[in-house]
Amino acid sequence: MRILISNDDGYLAPGIVALADALAAVADIVVVAPDSNRSGASNSLSLDRPLSLQQAANGFYFVNGTPTDCVHIALTGLLTEAPDLVVSGINNGANMGDDTLYSGTVAAATEGFLFGIPAIAFSQADYGWANIDAAARLARDIVLRRFDMLTQPYLLNVNIPNLPYERLNEVVATRLGRRHSAEPVVRARDPRGREIFWIGPPGATRDAGEGTDFHAVAQGRVSVTPLQIDLTHKAQLAALAKGLA
């Protein structure tokens, strides 16, 4: 099995190092990741400048661009054969509910999916990298399941509690929850006295009921959510067509 690995925390992040180490034991891996933290980059492509691809001493490739750039370059310019799977992560912090729209971790997996390759995004629920080796071991277990029962290609979003491996014994299928609106921006002044803004923290959860990714992780379970790309509001199509007639 050939696996392309990327992330949004950068090629030096403990999460991608642990993930690569775990998957190297069961697959031929290639790592192509951003040169620095690109959290929140979503599915952005860098179209206003050229990108460089370099290789680190540990064999990882890194790109001065977004997670989507990394996977795109790997699939269209670096690899001579398409991988069997694209894996992203392990992210430092959860990617659940509405957060998936902003996540660079999910975006890297999504780019592989758009190329017709099965893809999985992995995140740890809490910041700080506690039990990252356990999360990587669990990620390897999930990769080895293959998911032949799913329509191919598939796109999965996995959130792993920061727990020892022995306690990661329940993996459940979930839907995305929902958050309230984000907290207000944080106002500040730069050294020249000009007003600047920091994006505030995410809002509280609005839908964290049973069956959601938020609920599963809060109960200490590993959450696996199948994602899709079609944003068409199909229930509105008939009404729209009638209104446009």
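Which residue forms a salt bridge with Asp-98, and how far apart are the closest N and O atoms? I shall begin with that pair and then turn to the pockets and the surface.

First, a word on the model. The structure is predicted, so local features need pLDDT of at least 70 and side-chain atom pairs count only at pLDDT 80 or more, while totals for chains, interfaces and linings use all residues. Residues are numbered from 1 along each chain as its sequence is written, and side-chain values use heavy atoms, with hydrogens and water left out.

The partner of Asp-98 is Arg-178, and the closest N and O atoms of the two are 3.0 Å apart. A salt bridge is defined here as a side-chain nitrogen of Lys or Arg within 4 Å of a carboxyl oxygen of Asp or Glu. Side chains of opposite charge can pair when their charged atoms come close. Asp-98 sits in the loop between β5 (85-91) and α3 (104-114), whereas Arg-178 belongs to strand β9 (residues 178-179), so the bridge ties together parts that are 80 residues apart in sequence. Helices (H or I, at least four residues) and strands (E, at least two) are DSSP runs, numbered from the N terminus.

A search of the whole structure finds 8 salt bridges. Among them is the pair Arg-187 and Glu-195, with closest N and O atoms 2.7 Å apart. Arg-187 is exposed at 57%, while Glu-195 is partly exposed at 36%. Another joins Asp-230 to Lys-234, at 2.5 Å between the closest N and O atoms. Here Asp-230 is partly exposed at 40% and Lys-234 is exposed at 54%.

Let us now consider the pockets. On a 1 Å grid over the protein atoms alone, a pocket is an open set of points where a 1.4 Å probe fits, with protein on both sides within 12 Å along at least five of seven lines; lining residues have an atom within 4 Å of a point. The largest pocket holds about 730 Å³ of space. Its lining has 29 residues, and those nearest its centre are Asn-95, Asp-99, Tyr-102, Tyr-127 and Pro-202. By type, this lining divides into 11 nonpolar, 11 polar and 7 charged residues.

The second largest pocket has a volume of about 540 Å³. It is lined by 20 residues, with Thr-100, Leu-101, Leu-176, Gln-228 and Leu-231 closest to its centre. Which element gives the most to this lining? Helix α3 does, with 3 residues. The lining of the second largest pocket comprises 9 nonpolar, 7 polar and 4 charged residues.

Leu-114, Phe-115 and Ile-229 make a nonpolar surface patch of about 260 Å². Such a patch joins nonpolar side chains within 5 Å, from residues with over 30% relative accessible area and no salt bridge. Leu-114 itself is exposed, at 53%.

Finally, Ala-24 lies in helix α1 (residues 14-24) and is partly exposed at 42%. Ala-24 and Arg-2 are 22 residues apart in sequence, and their C-alpha atoms are 9.8 Å apart in space.

Note on methods
Buried < 20%, exposed > 50% of the residue type's maximum accessible area, 1.4 Å probe, protein only. Points joined across faces, edges and corners; volume = space filled by probe spheres on them. Nonpolar A, V, L, I, M, F, W, Y, C, P; charged D, E, K, R; others polar. Patch = residues over 30% accessible without salt bridge, like charges linked within 9 Å, V, L, I, M, F, W, Y side chains within 5 Å. Areas by Shrake-Rupley, 256 points an atom, 1.4 Å probe, with all protein chains shown as cover.
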